[in-house]
Amino acid sequence: MEYISPEGLRLDGRRPMEMRQLHAELGVIAKADGSATFEMGNTKVVAAVYGPREVQNRSQQLQEQALVRCEYSMATFSTGERRKRGKGDRRSTEISLVIRQTMESAILTHLLPRSQIDIFVQVLQADGGTRSACINAAALALADAGIPMRDLVASCAAGFLNNTPLLDLNYTEDSGGGPDVTVGVFPKLDKISLLQMDSKLPIDLFEKVLELATEGAKATAEYMRERLSENTRQLVSARGLLRF
Amino acid sequence: MKTKAMEDAAAIYRTPGELLGSAFDYIAGTGTYTFQNKVYASLVGVQHIVEARSGAADLRPSIEVRREKQRGAIPQPGDIVTAKIAKVQARMASADIVCVGQRAVKEKFTGTVRQQDVRATEIDKVDMHASFRPGDIIRAEVLSLGDARAYYLSTAKNELGVVSAMSVAGATMVPISWQEMQCPLTNQTEPRKVAKVE
Amino acid sequence: MVGLSAAERVYIEDGIAQDLRLDGRGRQHFRSLSIQTGVIPQANGSARVRLAGTDVIASVKAELGSPQPGRPGCGNMFISVECSPTAAPEFEGKGGEDTNLELAKALQRNFLGGASGAGAAIDLTTLIVIEGKVCWELYIDGLVLSSDGNILDALSIAVKAALSNTGIPKVQVMGGLSLEEADFELSDNPEEFSHLDTAQVPVTVTISKVGRYHIVDATAEEESQVSSAVSVAVNSKGLICGLTKSGTAGLDPSILMDMISVGKRVGLKTISSVETDIAAAERTLEAE
């Protein structure tokens with residue numbers, strides 16, 4: 001199958017190094033301590049953070065740090081074919097674990113000992129890059145909840161099809177049988193927090209694809225910072241107006 | 001003269017991970033952390049630089065990131081909390097913490113007042129049932145995060161103790177001394193560790 | 001929630017008695033409602049409804065299947081609900097199963113009609129492709145993203161909007177007479193999609209009893225004080241399509257009739273504004 005036209009355009013009209021349209025919103029769930037939606041093209045996810053709160057299960061309580069928990073669920077209508085079971089299957093369990101570990105490395109857990117932080121991610125539409133969208137939404141939700149973090153986490157994926165590195169694969173490209181490299185970075189600290197790949201790739205090509213994914217993640221981080229600052233600006237000016 | 005609008009326009013917004021300055025120039029305040037001698041932001045909010053108090057040992061200004069959104073209240077050691085006594089036992093009383101300072105909590109926390117923390121004098125002769133009864137509202141200070149089950153609370157100061165209690169007859173009692181409260185309906189007095197109301 | 005103190009409970013009850021609730025509403029006012037349709041492009045129909053802090057999504061997916069034995073002239077409709085843990089931590093893992101089932105059953109009662117297929121929200125005979133052999137099956141899925149009370153009413157509005165938004169592709173049957181044998185060609189052209197007749201689709205209004213008074217569209221805080229509630233599904237002709245009583249307190253039959261008539265009155269008012277909102281949402285969608 002041809003993923004890149006002779007003119008160099010992908011199936012959805014993008015160039016190989018082009019990311020899909022990003023869109024994020026903060027504070028979307030009324031009762032959550034922090035929440036955010038994140039869209040990458042047609043992939044839409046919503047994340048909610050509840051915490052820090054008292055640990056529900058005493059046996060899991062950690063004396064020196066916060067307990068971070070995460071659950072990933074997919075809506076029955078999120079994929080083209082209707083899914084019967086949105087959570088509890090192996091893929092959901094694995095992604096829950098990945099998100100939890102990535103966010104835990106960002107949170108300054110020693111500042112909130114003996115507490116519990118719950119991160120819930122709900123996928124509304126899955127069109128490739130779900131893992132990355134979930135991590136980005138979770139990071140924004142944690143920031144919205146005021147949970148202290150050493151840095152934001154931004155994530156993006158890249159692949160390799162028709163001999164070209166491609167940034168931010170959609171579902172059709174993802175199903176193309178080529179490799180899929182997902183990376184999660186601490187943009188300001190310039191460190192990699194998550195790295196996953198499936199299929200196979202020679203080392204020199206892997207470095208190119210990884211670099212592309214990291215560039216994508218950093219660009220995503222810039223967008224996320226913009227949205228967070230904009231949100232703070234709105235809250236500050238709302239407060240200012242009330243004063244007069 | 002800086003108007004509020006001008007101040008708001010000049011505000012610097014920070015997000016987690018942003019480099020704020022060198023640890024040699026600033027003390028890390030709330031919402032920040034230090035790493036390898038540099039101060040970074042850990043929260044989303046507005047940056048504030050607070051000058052050191054004159055005469056303080058460390059004259060560096062402290063740099064903070066203050067959130068605009070309020071988070072639910074969580075008891076910290078030193079906080080004055082309002083709690084409702086749930087259970088009174090021979091050596092301790094357990095209470096549900098309802099407010100921290102002036103703010104109500106979003107979810108319930110459990111606190112324990114041990115026999116030695118009820119008052120400041122004669123701490124080994126304290127009779128728990130003569131100090132608290134279930135249903136009393138107390139003002140207490142958080143001593144520490146306590147054990148796995150509950151925060152440790154103390155009512156040892158004069159202004160701490162029972163703030164509001166119902167008598168056996170069902171009326172709200174009036175405090176008469178630091179040890180007794182009186183029911184307005186029956187004029188009977190009941191023993192409590194009463195908070196001194198200013 | 002921490003739980004309301006005695007003073008807060010009295011405040012809520014007294015406010016309701018004086019027709020002035022915590023957010024300033026009267027007893028029979030709905031909160032501000034916003035409806036968006038076509039939010040899930042890969043579904044046949046979808047809608048997202050926001051009722052202040054309550055946020056729900058309903059999607060309709062159409063698949064080919066066989067009619068149930070005993071009703072060869074009717075298509076099938078299935079409704080299920082899922083409460084996302086984003087709405088509350090209690091819905092994590094299997095925690096939401098009871099609530100999911102309860103909400104699904106209430107919606108099924110209102111929308112699905114009887115065992116014979118009669119009285120359903122939409123005319124199930126319009127879903128037949130080959131009489132007795134092949135029909136359309138509509139899978140309606142509700143997802144609760146955020147909750148501040150009155151989830152059932154919000155879901156019913158979302159289902160009505162999603163059904164209005166649903167487009168069924170044109171089917172051409174080639175060879176064979178049953179689901180397994182025949183080949184089906186589905187049209188990809190949105191212009192050729194047929195829409196469902198949703199004129200009879202009801203809207204649910206939940207009337208909750210707090211003290212001696214009834215309120216409509218309770219917030220989560222108000223719901224914690226409710227002793228019993230009646231959910232009435234009303235369609236645009238003023239007919240009652242379904243009834244569910246919840247809560248543990250018993251109701252005097254005259255009070256019950258009172259609550260049902262309040263439900264019908266508010267329901268008629270609500271359904272007309274909901275239908276206007278849905279039409280506006282569809283026009284916005286087309287303009288995009």
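A polar contact is a pair of N or O atoms within 3.5 Å; within protein, one of the two must be able to donate a hydrogen and the other to accept it. The model to which this definition is applied here is a predicted one.

In chain C, a polar atom of the side chain of Thr270(C) lies 2.6 Å from the backbone oxygen of Val266(C). Thr270(C) belongs to helix H5 of chain C. Its relative accessible area is 8%, and because buried means under 20%, Thr270(C) counts as buried. Beyond its neighbours within four places in sequence, Thr270(C) is in contact with Phe30(C), Val203(C) and Val205(C).

Two or more lining residues come from each of strand E2 (45–51), strand E3 (54–65) and helix H5 (253–287) of chain C. Sorted by class, the lining comprises 11 nonpolar, eight polar and six charged residues.

Strand E5 (residues 115–125) of chain A is mostly covered, with 11 of its 11 residues buried. Strand E3 (residues 43–54) of chain A runs antiparallel to E5(A) and is joined to it by nine bridges; in this pairing, Lys44(A) has Gln125(A) as its bridge partner in E5(A). Strand E4 (residues 67–74) of chain A, by contrast, runs parallel to E5(A), and eight bridges join the two. Here Val68(A) stands opposite Ile117(A) of E5(A).

Rolling a probe the size of a water molecule over the atoms shows where empty space is left. The count comes to one cavity of 30 Å³ or more, and the largest cavity has a volume of about 100 Å³. Its lining draws on chains A and B, including Asp144(A), Leu228(A), Arg67(B) and Glu68(B). The elements that contribute two or more residues are helix H2 (130–144) and helix H4 (203–243) of chain A, and H4(A) gives the most, with four residues. By class, the lining of this cavity divides into five nonpolar, two polar and four charged residues.

Technical notes. Residues numbered from 1 in each chain as written. Chains lettered and ligands numbered in written order. Predicted model: local features only at pLDDT ≥ 70, side-chain atom pairs only at ≥ 80, totals over all residues. Heavy atoms only, no water. Buried < 20%, exposed > 50% of the residue type's maximum accessible area, 1.4 Å probe, protein only. Pairing = 2+ DSSP bridges. Nonpolar A, V, L, I, M, F, W, Y, C, P; charged D, E, K, R; others polar. Contact = heavy atoms within 4.5 Å. 1 Å grid on protein atoms, 1.4 Å probe; cavity = no way out; pocket = protein on both sides within 12 Å on 5 of 7 lines; lining within 4 Å. Points joined across faces, edges and corners; volume = space filled by probe spheres on them.
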